[in-house]
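Good morning, colleagues. Please look at the structure as I speak.

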Amino acid sequence: LRLDKHGVPLSPQPSDDPEDPLNWPGLYRAFILLQVSVLSALGTYNTAIINPAYNQLSAEFDVSIVTATVTIAVNGLGPFLFIPFAHVYGRRPVYLVTTLIGVLSALGCAYAHNFGQLVGLRILNGIFPVGAALGVATANDLFCLHERGRALGIYTVLSTTGGHFAPIPGGLIGQYLGWQWIFKFAAITNSFCLLFTFFFLPETLYIRDRTQDIVEDSNSNSKSSVRRYLRRMNLGKRYPGRELRISDFFWPYIKMIRYPSVVFPAIYYATQYALGSTLPAVTVSHIFAQEFNWDTLQIGLAYGTALLIGAFLGETAGGWVVDSIMNRARVKALKGSSAPSEIRLKAIWTGEIIVPIGLLWYGFSIQFRAPWIVPILGMGVGCFGVQCITTVITDCHLTKSAEVAQVFNFVRQEIGMTFAFYAIVLGEAMGGYHLLFVFFACVGSILAFIPILVLMWKGEAIRA
């Protein structure tokens, strides 16, 4: 029985096989986590890189800015198709195929001749970001429970950073080279990640109930570094007993939405993420062009930098807080993994307070025409709070971590998409952006938070 530094049994228990990902060196596992995080970031990166240039798309294809933003909705659909394949054939082939789709669809967007073609290719591109859900499962392949909070904190900040970083190069390229080169640059970035993944991302799916003969075979094959490398990079691995069924594409998600411990955090997280991160992305181009007469470059640099810094600080702090909370709970329980996962919800309080502060800061400063730095700082504060909130439960259903992450991802994308249709119009109809953001703060931090309070109080009993 293996113990952690607190003397608590590891969960899950690593096997005796050196090719068990839990037995790999810590630096190597961190290197894999970094790759997976970047692959996940490509999803939001591909979506958000065009955000500063929505005005250019509107002028080029003679459509409204609202119409130009709607393809964000499909980014939550792709993992429904690819995750079942990852559970049967391994993570590595799925990462490679979906990244290739990202390359081809981004390149196709650059050569679209009409808005219909662009929407079709953006929809195809939206099928690609499987890492947003599969990355959580990969992190669980690599880390034990007591390490997972910090690992998921690093993964989340890097994966969500894609959407926050993208407006910076997007604004620069759009200003001087035009919107077509924004998509070409995205295709180049995806191509580099595809090549790096092909040569350096190993397979992490591992079945721990294998026989001793297989473990001994792994020991013999691991003596040569070249053999060990080829074994980990093999695309033809087979997992006996795992078969792909039609029900795998929908039944696991139907089962997940029956659990309040999944549904309520998903709705709360999606609402707060959409308010603190997606809302600025789909409205900033219109608001800052109108209020400050900014061009594509200024918009991309300012809001991209604000969200990037806020996300990095918020999620970096959040991961350490969650690990500290879980370690104290496990030591107190003296039973390893017996500490209820709902304890992680205590980490939400920081974000629950900070997100509405950032929203009100942003809305009031826009309405009362404060200097541009004031709403930019409000964006950063709101995004800081959002990243603290992303530490919600994924450990309630450990064997279905990818499905839980996909439920979160799907709800987040669909709620975030809706803001593009009504945020600007609603703000004008209500008499100002300050009232709009008061309304949003109440929805996210009061209405959506009530079920979270119930989970904090009775979550373990409800989940049982």
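I begin with the contacts across the chain, where contact means heavy atoms within 4.5 Å. Among contacts in the protein chain between residues at least 6 apart in sequence, 82% join residues at least 24 apart.

A word on provenance: this is a predicted model, in which local features need pLDDT of at least 70, side-chain atom pairs count only at pLDDT 80 or more, and totals for chains, interfaces and linings use all residues. Residues are numbered from 1 along each chain as its sequence is written, and side-chain values use heavy atoms, with hydrogens and water left out.

The protein chain has 20 helices and zero strands; helices (H or I, at least four residues) and strands (E, at least two) are DSSP runs, numbered from the N terminus. Of its 464 residues, 57% count as buried. Buried means under 20% relative accessible area, exposed over 50%, and partly exposed in between, with a 1.4 Å probe and protein chains only.

Let us turn to helix α7, residues 131-142. Its twelve residues reach 15 Å from the first C-alpha to the last, close to the 16 Å expected at 1.5 Å a residue; the expected span is 1.5 Å times one less than the number of residues. Eleven of the twelve residues of α7 are buried, among them A133, L134, V136 and N140.

Which residues does G135 touch, not counting residues up to four places away in sequence? They are V36, Y95 and Y155. G135 lies in α7 and counts as buried because its relative accessibility is 0%.

I move next to helix α16 (residues 348-367) and helix α17 (residues 373-389). They pack at an angle of about 160°, with their axes 7 Å apart. Axes are lines fitted to C-alpha atoms, for helices over the stretch in contact, and angles run from 0 to 180 degrees between N-to-C directions. The angle therefore makes α16 roughly antiparallel to α17, a term for angles over 145 degrees, with under 35 counted as roughly parallel, 65 to 115 as roughly perpendicular and the rest as oblique. The crossing of α16 and α17 is left-handed: the near helix is turned anticlockwise from the far one by less than a right angle, whereas clockwise would be right-handed.

The residues of this contact divide into 16 nonpolar, seven polar and one charged. Here Ala, Val, Leu, Ile, Met, Phe, Trp, Tyr, Cys and Pro count as nonpolar, Asp, Glu, Lys and Arg as charged, and the others, Gly among them, as polar. The α16 side includes I354, W361 and Y362, and the α17 side includes L377, M379 and F384.

F364 is also found in α16. At 34% relative accessibility, F364 counts as partly exposed. Leaving aside residues up to four places away in sequence, F364 touches H434 and V438.

My last pair is helix α14 (residues 260-292) and helix α19 (residues 433-447), whose axes come within 10 Å and cross at roughly 165°. α14 and α19 are therefore roughly antiparallel to each other, and their crossing is right-handed. The residues of the contact of α14 with α19 divide into eight nonpolar, six polar and one charged. Those in contact include Y268, L275 and H286 in α14, and Y433, F437 and F440 in α19.
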